[in-house]
Amino acid sequence: MSVTEQSERFRLSDQYQTLKASVHAVLITQIEERNLDIYSWSADKVERFVLEQVRRYVLEQRLPVNQRETEVLARDARNELMGFGPIQHLIEDDSVNDIVVNGPTNVFVERAGKLSAVPVRFNNDAHVIRVIQRILAPLGRRLDESTPMVDARLPDGSRVNAIIPPIALDGPCLSIRKFRKSPLSADDLLKYGSITQPELDYLHMRVQKRTNLIVVGGTGSGKTTFLNLLSQWVPHGERIVTIEDAAELRLQHPHVVRLETRPPNLEGERAVSARDLVRNALRMRPDRIIVGEVRGDEVLDMLQAMNTGHDGSMTTLHANNVRDAIHRIELLAGFAGYNGNETTLHGQIGAAIQLLVQVSRLPSGQRRVMSITEVAGLQGRELVMRDVFRYEVDGDRHLDFRAAA
Ligand SMILES: Nc1ncnc2c1ncn2[C@@H]1O[C@H](COP(=O)(O)OP(=O)(O)OP(=O)(O)O)[C@@H](O)[C@H]1O
Ligand SMILES: [Mg+2]
């Protein structure tokens with residue numbers, strides 16, 4: 001067994017968890033008794049202090065812990081004290097995109113598109129909740145039995161969702177989608193095989209020609225990443241208003257106004273919805289409106305905006321394919337109180353949306369543009385859709401239908 005394996009095994013043992021809890025208690029006592037203001041210290045100083053305390057404790061208690069294990073223990077104790085406990089190192093690890101905690105002993109990370117279990121554990125549910133609360137505290141958000149669900153954004157732009165018992169049946173859950181320091185570029189997407197050069201060129205041209213478009217895909221399929229890329233191509237002379245629940249888009253654009261929705265406060269008041277913001281955006285004389293994701297009654301205002309001079313507007317929609325996307329829009333419009341008949345709605349959708357880009361996360365973890373589909377108009381009561389590009393997973397075939405059209 002390698003040294004790393006040994007120390008991993010050590011860290012996962014029950015003994016170790018108990019030990020860590022007592023070390024934590026000792027540190028807290030020291031800090032309180034000596035009235036130390038460790039939060040004002042440098043990281044180095046905290047590290048030295050913790051290591052010294054842990055060494056002394058190990059000696060005093062005559063614990064069967066070697067030098068290396070003492071250092072592991074000191075690092076974990078410091079993370080517990082200052083940071084986000086057992087997941088601190090995952091948060092610091094730039095190769096990790098997503099961190100998912102399902103209860104104290106099931107922790108997963110996504111690296112390069114692949115989700116895998118990691119040997120990380122919390123002591124118990126309360127420990128997970130403590131870490132979640134430490135993440136949320138600086139944001140002024142709370143999480144307890146009366147507010148058992150939180151969706152928030154960290155100062156660095158990472159997204160955090162937490163949900164705890166009694167709503168979560170198997171213990172507190174935490175998901176962190178880390179914010180990439182630099183968004184994926186067209187070159188990155190080409191390199192990862194997420195898109196081909198002809199598809200890229202075509203989309204570039206359509207964005208510049210002010211096509212209204214929707215990026216469609218499942219959870220984590222790369223919708224926001226693509227929307228961000230497409231938005232980069234909006235000519236610099238145009239004024240953009242972006243509307244998001246949690247500002248994720250990072251447009252390198254001189255003329256962009258960013259708006260963010262607001263959840264209701266504790267009294268259930270003062271919410272600002274995406275619909276409010278789309279309506280307001282229309283009064284801000286934008287050339288284009290970009291909505292991070294359409295998922296509620298803002299759909300009607302978005303369709304209207306696309307139909308009334310804000311050509312080149314873009315959004316994303318959660319759906320598994322292009323047909324489902326249209327159904328979902330109909331459904332959302334229905335919920336939003338649309339009171340025309342189906343044919344008029346189809347007409348509106350057909351006039352508003354010109355292009356759908358479907359993205360998907362393949363079983364390998366790779367994200368890919370599966371199809372680029374044009375809305376060709378209305379035939380009778382049905383929308384006619386025509387693929388411009390399609391990727392067939394079977395046979396890994398890239399089809400380009402432009403010549404056929
Ligand atoms: N083409 C790609 N290649 C590799 N990784 C990607 C690609 N597109 C997105 N990712 C990564 O996948 C994760 C999810 O991406 P993104 O947020 O764009 O998805 P989404 O569909 O908007 O997710 P959600 O449904 O949560 O809104 C991010 O960590 C992102 O960096
Ligand atoms: Mg998204």
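This is a predicted model: local features need pLDDT of at least 70, side-chain atom pairs count only at pLDDT 80 or more; totals for chains, interfaces and linings use all residues.
Student: Which residue has a positive phi although it is not a glycine?

Tutor: One is R270, with a positive phi of about 65°, and R270 sits in the loop between β9 (256–260) and α10. With a relative accessible area of 58%, R270 is exposed; on this scale buried means under 20% relative accessible area, exposed means over 50%, and partly exposed is in between, using a 1.4 Å probe and protein chains only. D396 is another residue other than glycine with a positive phi, near 50°; D396 belongs to the loop between β14 (382–392) and β15 (397–400) and is partly exposed at 47%.

Student: Which two residues does a cis peptide bond join?

Tutor: The cis bond joins P165 and P166, with omega about 5°, and P166 is in the loop between β5 (159–163) and β6 (173–177).

Student: How should I read the packing of α11 against α13, and at roughly what angle do their axes cross?

Tutor: Two packed helices are described by the angle between their axes and the distance between the axes. Here the axes of α11 (residues 298–307) and α13 (residues 342–352) come within 8 Å and cross at roughly 55°, which makes α11 oblique to α13. The axes are lines fitted to C-alpha atoms, for helices over the stretch in contact, and the angles run from 0 to 180 degrees between N-to-C directions. Under 35 degrees counts as roughly parallel, over 145 as roughly antiparallel, 65 to 115 as roughly perpendicular, and the rest as oblique. The crossing of α11 and α13 is left-handed, meaning that the near helix is turned anticlockwise from the far one by less than a right angle.

Student: Which residues of α11 and α13 make the contact?

Tutor: From α11 come L303, M306 and N307, and from α13 come Q348, I349, A351 and A352, where contact means heavy atoms within 4.5 Å.

Student: Is α11 enclosed by the rest of the structure, or open?

Tutor: Eight of the 10 residues of α11 are buried, so α11 is largely enclosed by the rest of the structure. The buried residues are E298, V299, L300, D301, M302, L303, A305 and M306. What covers them includes β7 (213–217), α10 (274–282), β10 (288–291), β11 (314–318), α12 (322–335) and α13.

Student: How many salt bridges does the count come to?

Tutor: Side chains of opposite charge can pair when their charged atoms come close. The rule used is a side-chain nitrogen of Lys or Arg within 4 Å of a carboxyl oxygen of Asp or Glu, and the count comes to 21 salt bridges. One of them pairs D76 with R11 at 3.0 Å, N to O; D76 lies in α4 (residues 67–82) and R11 in α1 (residues 3–12), so the pair ties together parts that are 65 residues apart in sequence. D76 is buried at 8%, and R11 is buried at 13%. Another salt bridge joins R390 and D387, whose closest N and O atoms are 2.7 Å apart; R390 is partly exposed at 28%, as is D387 at 24%.

Terms used. Residues are numbered from 1 along each chain as its sequence is written. Chains are lettered from A and ligands numbered from 1 in the order in which they are written. Side-chain values use heavy atoms; hydrogens and water are left out. Helices (H or I, at least four residues) and strands (E, at least two) are DSSP runs, numbered from the N terminus.
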